[in-house]
Amino acid sequence: MNLTNLRIWGLATLLVWSCSTYAAKTLIYCSEGSPEGFDPALYTSGTTFDASSRAIYNRLVEFVHGSTEIEPGLAERWEVSDDGLEYTFHLRHGVKFQKTRFFTPSRDFNADDVLFSLQRQLDPNHPWHQYTPGTSWEYFQGMSMPELLKAVVKVDDYTVKLVLASPQAPMLANLAMDFASIMSKEYADQLAAQGRKEMLNQEPVGTGPFFFVNYQKDAVIRYRAHPNYWAGKQSLDNLIFAITTEASVRLQKLKAGECQILPYPNPADVALIRDDSSLKMPELQGLNVGYLAFNTQQPPFDKPEVRRALSMAINRQAILDAVFQGAGSLAKNPIPPTMWSYNEATPADEYNPEKAKQLLAEAGVSNLEMKVWAMPVQRPYNPNARRMAELIQADFAKIGVKVSIVSYEWGEYLARSKEVDRDGAILMGWTGDNGDPDNFLGVLLSCDGVGGANRAQWCNAEFDALIKKARTLPNQADRAELYKQAQLLFKEQAPWATIAHSVVFMPMSKRVKNFVIDPLGYHRFDGVDIE
């Protein structure tokens, strides 16, 4: 079957499945890309989290819908020891795992599932630590969890204790993140016995609001409401992700009624969407940052003066006008201005091509040729990476730097961009996962993140010491002071050229009810209804 016929077949089966379930409530979400897999602990992409952790799984604690506040999840309550080194979680009774065509649970959720979910990431000798080729616990590693988490202890079937090496102010918020999603140990044991461990990442089972039905690669993901969900069955009976990579095509589908909600519209279409009486479009200032990350371990980008020169050559205002079209603001720090500890005193980036050319000459750099990587998908922090890369290419040409633009399929892009020997600079970005500055500064710029979420491959001992100390302090004002120092050091060293923070728009049919834009960038469909 050729690609065209495969796409036609995919659309036809989607329509048949939708029509067959018309009497039930079905919501179709035009998602922007394909998930890398369905085990969220292996990844950091919001596209993957939307398709896996937020639909299928739960965590010990959860973020309140539309907020960065913590509420009970699979743990009903918890206590923290006076020294901040022990977190004791009392687990919820009667929580049912999902029954699917490939797994029938024989027991409820308990402490064994928590231990399995965390210990497989923590213990290098755990039988599931390297269960699939290329396994990398990117978030767990990038947040220094292997050195922070000393032990995960089963006190009894419904009590679990986490023992830390040092106090960690963001610990509860960290446990509400996707890497801490709770898997079924019983299902993992079944797969191990069958010699099919890799299926944990392809046919997921959790306790969450929707259960996985099937996935047609790069086309459609189907879910149904978990009938025995501990928080109550959802109003939606069926949830469909119709994978549609082009923003203009997503909008066409929305207008035609082929889907009811979509992310990341083209900025140029925002006014048209607002004028459509059948649609509504809530918006929110994004907790995000878009940037160009230099590979600081490859010459000449290992020199801060070269990175500063290249950053100075970028006309950020032109990018803001052409790419964001009024739906963004210039970025000068690696965290957004809506986040506590944002350093207003950080100097803004100067645009000065002549000075940039002079600085390159002083650094002994001439006839530089480099790659700029452009994402193949729209993200909240970058609605058109190809266009942004072209503008940067033109800016660098003005200072004598020749740029070739490269791109890959999204999953491959994410995987290749983690390589320490990667050439050139890469367009990337981040939406905060837990409302804490450590989620930006620690995950994206720490030494532990090199080879993972730290796409600049930047390891600075002074910066690292500030971040690690800030994690241990209980007082937010004291932590903020250290983070402000870290932002100034970041600006001096320039591992990234910060570009912009964006406004997030979410177009949808007026038939959609109760959808809340999440400040952490998640697209959650629990609690959503459709008329």
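Which elements each supply at least two residues of the lining of the largest cavity? They are α2 (46-51), α15 (410-417) and β17 (425-431). This is a predicted model, in which local features need pLDDT of at least 70, side-chain atom pairs count only at pLDDT 80 or more, and totals for chains, interfaces and linings use all residues. Residues are numbered from 1 along each chain as its sequence is written, and side-chain values use heavy atoms, with hydrogens and water left out.

**Overall build**

- The protein has 18 helices and 21 strands. Helices (H or I, at least four residues) and strands (E, at least two) are DSSP runs, numbered from the N terminus.
- The C-alpha trace spans about 70 × 55 × 40 Å along the principal axes.
- Of the 531 residues, 59% count as buried. Buried means under 20% relative accessible area, exposed over 50%, and partly exposed in between (1.4 Å probe, protein chains only).
- The accessible surface comes to about 20000 Å². Carbon and sulfur atoms hold 50% of that surface. Accessible areas come from the Shrake-Rupley method with a 1.4 Å probe; for residues, only the protein chains shown count as cover.
- Among contacts with a separation of 6 or more, 71% join residues 24 or more positions apart. Contact means heavy atoms within 4.5 Å.

**Cavities**

- The structure holds 5 cavities of 30 Å³ or more. On a 1 Å grid over the protein atoms alone, a cavity is a set of points where a 1.4 Å probe fits but cannot get out, and a pocket is an open set with protein on both sides within 12 Å along at least five of seven lines; lining residues have an atom within 4 Å of a point.
- The largest cavity has about 220 Å³ of space. Grid points are joined across faces, edges and corners, and a volume is the space filled by probe spheres set on the points.
- Its lining has 20 residues, with T44, S45, G46, R379 and T431 nearest the centre. Strand β17 gives the largest share, 4 residues.
- By class, this lining has 11 nonpolar, 6 polar and 3 charged residues. Ala, Val, Leu, Ile, Met, Phe, Trp, Tyr, Cys and Pro count as nonpolar, Asp, Glu, Lys and Arg as charged, and the others, Gly among them, as polar.
- The second largest cavity has about 140 Å³ of space. It is lined by 14 residues, and P265, P380, P383, V503 and F505 lie nearest its centre.
- Strand β18 (residues 496-505) gives the most to that lining, with 4 residues.

**Second largest pocket**

- This pocket has about 530 Å³ of space. Of its 30 lining residues, P35, E36, G37, Y43 and N201 are closest to the centre.
- Helix α15 supplies the largest share of the pocket lining, 4 residues.
- The pocket lining divides into 10 nonpolar, 10 polar and 10 charged residues.

- K253 is found in helix α9 (residues 247-256). K253 counts as buried because its relative accessibility is 18%.
- K253 and C30 are 223 residues apart in sequence, yet 7.9 Å apart in space, C-alpha to C-alpha.
- T132 lies in the loop between α4 (111-122) and α5 (138-142). T132 is buried, with a relative accessible area of 16%.
- Not counting residues up to four places away in sequence, T132 touches L42 and E198.
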